[in-house]
Amino acid sequence: MGAVFRAWIMIMVLVFETAVVMGGGFPATLKLERSIPLVSHELELSRLRERDRVRHGRLLQSSGGVVDFPVQGTYDPFLVGLYYTKLHLGSPPREFYVQIDTGSDVLWIGCNSCNGCPESSGLQIQLNLYDPGSSSTASSVPCSDQRCSAGVQSSDSGCSGQSNQCSYTFQYGDGSGTSGYYVADLLHFNTILEGSMTTNSTAPIMFGCSVLQTGDLTRSDRAVDGIFGFGQQSLSVVSQLSSQGITPKVFSHCLKGNNGGGGILVFGEILEPNMVYTPLVPSQPHYNLDLRSISVGGQVLSIDPSVFSTSSNQGTIVDSGTTLSYLADEAYDAFISAITNTVSQTVRPVLSKGNQCYLITSSVAEIFPQISLNFAGGASMILNPQDYLVQQNSIGGAAVWCIGFQKIQGQEITILGGNFTAHNV
């Protein structure tokens, strides 16, 4: 019998290796928060899809211990926010708030000479600009540095013959962008040793110093100091700490699905006896899983397994930064039909702006079936009705609940987004 993911199980990501659950080393602690600007609970699915379209565009267009980042804040799929954590960089250390982004590799911070960097944030956080001249441990990164050369191969860095300074330019699909140069300085964190003992630790890392921001990165409503890339290439902080023997090339996250929100993000091994593992698909630019089938109410749907296979333009990606979840085109219709056929005797199916919804006068838990996503290695993740349904408004005393899985028309990509990961991953 295959192992089953319950709502509290954590998925771990082993960077560069073929396992989705992570390995061991030493730990460190930073606070990860989910910011929720004021948005109506009646925010329409079309608005959420638009937010996800922008999020997908923000993915770059190119294809020994535990470091612990506690997650704070409130999760609600109708409240559009972002995940961010607080880093301490330099000597003396200064704090910077950075967005967590599994779709890119590099950590970059807005610098004191930045053009277009927001000066205030609607997230009610204090923004700071990094000043290399004010840190006694800061140094520039020349083109001859091996890290710069490695970054060139992954398109994360470039070099100007005039300045001999390692630089970068990142253009995102939504039209925003940033450019700057690389610096090296100390990252400060708490390392968790065996048991519960913690110790203050530092490690030299290379990160971007942004001197130009364009597009949505200039907006102040959800502004942070920079972006914390969690990708798989050599310039990611995960890879840099691993190369120094501080943590393994491994991280995991567990996001709570209740109104309290929060969760945890960890560099390093989590020793959990009930942990369930499924392999990552190797040699992919994002974190792809091998989804084999989908079951509704215990019945495996008749979907050609090749629909879920990974190639350059299809596959299954875990991305907590995407609000909703998306099924491959050929799988979506079978999925919706199976759910509708199961509940059609007790609820009224309706279409709302292209979304499959239902008018319900009782508890969804009593009516709707469990969903099972079945992955390679015999691992299955169970979704209860509250995990895949999102409540909209009310009509004539009946609540309107809609399927939280959407379809990207004409594409064969499956994205397990925030409404999925916040309850289950």
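A nonpolar core is a set of buried Ala, Val, Leu, Ile, Met, Phe, Trp, Tyr and Cys residues joined through side-chain atoms within 4.5 Å, where buried means under 20% relative accessible area, exposed over 50%, and partly exposed in between (1.4 Å probe, protein chains only). The structure is a predicted model, in which local features need pLDDT of at least 70 and side-chain atom pairs count only at pLDDT 80 or more, while totals for chains, interfaces and linings use all residues. Residues are numbered from 1 along each chain as its sequence is written, and side-chain values use heavy atoms, with hydrogens and water left out.

The largest nonpolar core has 66 residues, and Phe-335 and Phe-368 have the most contacts inside it. Helix H4 (residues 329–343) supplies the largest share of this core, seven residues; helices (H or I, at least four residues) and strands (E, at least two) are DSSP runs, numbered from the N terminus. If neighbours within four places in sequence are left aside, Phe-335 is in contact (heavy atoms within 4.5 Å) with Ile-294, Val-296, Leu-301, Leu-327, Ile-371, Ile-403 and Phe-405. Another core, of 14 residues, lies apart from it and includes Cys-166, Tyr-182, Met-206 and Leu-235.

Strand S19 (residues 314–318) is mostly covered, with five of its five residues buried. Gln-314, Thr-316 and Val-318 lie on one side of S19, and Gly-315 and Ile-317 on the other. Strands count as paired if DSSP finds at least two bridges between them. Strand S16 (residues 288–289) pairs with S19 in the antiparallel sense over two bridges, and Leu-289 has Thr-316 as its bridge partner in S19. S19 and strand S28 (residues 412–416) run parallel and are joined by five bridges, with Gly-315 standing opposite Ile-413 in S28.

The whole structure contains five disulfides, each being a pair of cysteine sulfur atoms within 2.5 Å. In one of them, the sulfur atoms of Cys-111 and Cys-209 are 1.6 Å apart, and the disulfide is left-handed because the torsion about its S-S bond is about -130 degrees. This pair links distant parts of the chain, since Cys-111 is in strand S7 (residues 107–115) and Cys-209 is in strand S12 (residues 198–214), 98 residues apart. Cys-357 and Cys-402 form another disulfide, with their sulfur atoms 1.9 Å apart; with 95 degrees about the S-S bond, this link is right-handed, and both Cys-357 and Cys-402 are buried.
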